[in-house]
Amino acid sequence: MIIVIPVVESNGKYYLSPHFGKAPKYAFIEVKGKEFNVVDVVNNPVPPSIEGGGRGRAIADLIISKGAEAVIALEVGPGAFRFLKEANIRIYYYPPRRGLIPIEDALDAFINGKLEEGLEPREID
């Protein structure tokens with residue numbers, strides 16, 4: 001299974017980005033049983049500094065084109081949420097908390113069934 005996580009990079013490590021649509025990069029991770037491996041990290045197709053519509057569609061298209069089956073994020077806005085759901089991509093929300101969240105924490109939570117599946121968009125202020 002391929003899972004996508006919006007990420008920020010710091011000191012060569014990847015952390016969950018606080019904002020799905022404005023994440024600088026997206027990590028594509030292959031999950032097999034309890035093991036996972038980062039297979040690709042791709043720049044956001046719409047640079048976070050650019051404002052305007054179409055961001056959700058562009059990011060969803062990228063995720064769909066890479067064959068992903070699920071997304072793990074802190075939040076996903078309405079546009080991206082709709083496009084991902086229409087493509088049968090599952091969205092899982094990691095519980096919000098302060099500080100950097102290593103992608104390994106998010107993946108462990110997913111693998112162990114501790115993430116809630118998103119039934120609607122969620123935006124954190």
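These questions and answers cover a helix, a charged residue and a pocket in a predicted model.

Me: Which residues of helix α3 are buried?
Reply: Helix α3 spans residues 103-111. Buried means under 20% relative accessible area. In α3 that holds for I103, A106, L107, A109, F110 and I111.

Me: What covers the buried residues of α3?
Reply: Strands feature in the cover. It includes β1 (2-10), β2 (13-16) and β3 (25-32). Also included are β4 (35-43), β5 (70-73) and β6 (90-93).

Me: Which residue with positive phi follows α3?
Reply: The helix runs over residues 103-111. The residue that follows has phi near 70°. That residue is G113.

Me: How far from E75 is the nearest side chain of opposite charge?
Reply: E75 sits in the loop between β5 and α2 (78-86). E75 is buried and has no salt bridge. A salt bridge needs the nitrogen within 4 Å of a carboxyl oxygen. The nearest side chain of opposite charge, R122, lies at 7.5 Å.

Me: Which backbone nitrogen does the side chain of E75 reach?
Reply: Beyond four places in sequence, the contacts of E75 include P18, H19, F20 and G21. Y93, R122, E123 and I124 are also among them. At 2.7 Å, the E75 side chain reaches the backbone nitrogen of F20.

Me: How much space lies in the largest pocket, and which residues are closest to its centre?
Reply: The largest pocket holds about 220 Å³. Its lining counts 18 residues. Closest to the centre are H19, G21, R55, G56 and G77.

Conventions. Residues are numbered from 1 along each chain as its sequence is written. This is a predicted model: local features need pLDDT of at least 70, side-chain atom pairs count only at pLDDT 80 or more; totals for chains, interfaces and linings use all residues. Side-chain values use heavy atoms; hydrogens and water are left out. Buried means under 20% relative accessible area, exposed over 50%, partly exposed in between (1.4 Å probe, protein chains only). Helices (H or I, at least four residues) and strands (E, at least two) are DSSP runs, numbered from the N terminus. Contact means heavy atoms within 4.5 Å. Lys and Arg count as positive and Asp and Glu as negative; His and the chain ends are not counted. A polar contact is a pair of N or O atoms within 3.5 Å; within protein, one must be able to donate a hydrogen and the other to accept it, and residues adjacent in sequence count only if both atoms are side-chain atoms. On a 1 Å grid over the protein atoms alone, a cavity is a set of points where a 1.4 Å probe fits but cannot get out, and a pocket is an open set with protein on both sides within 12 Å along at least five of seven lines; lining residues have an atom within 4 Å of a point. Grid points are joined across faces, edges and corners, and a volume is the space filled by probe spheres set on the points.
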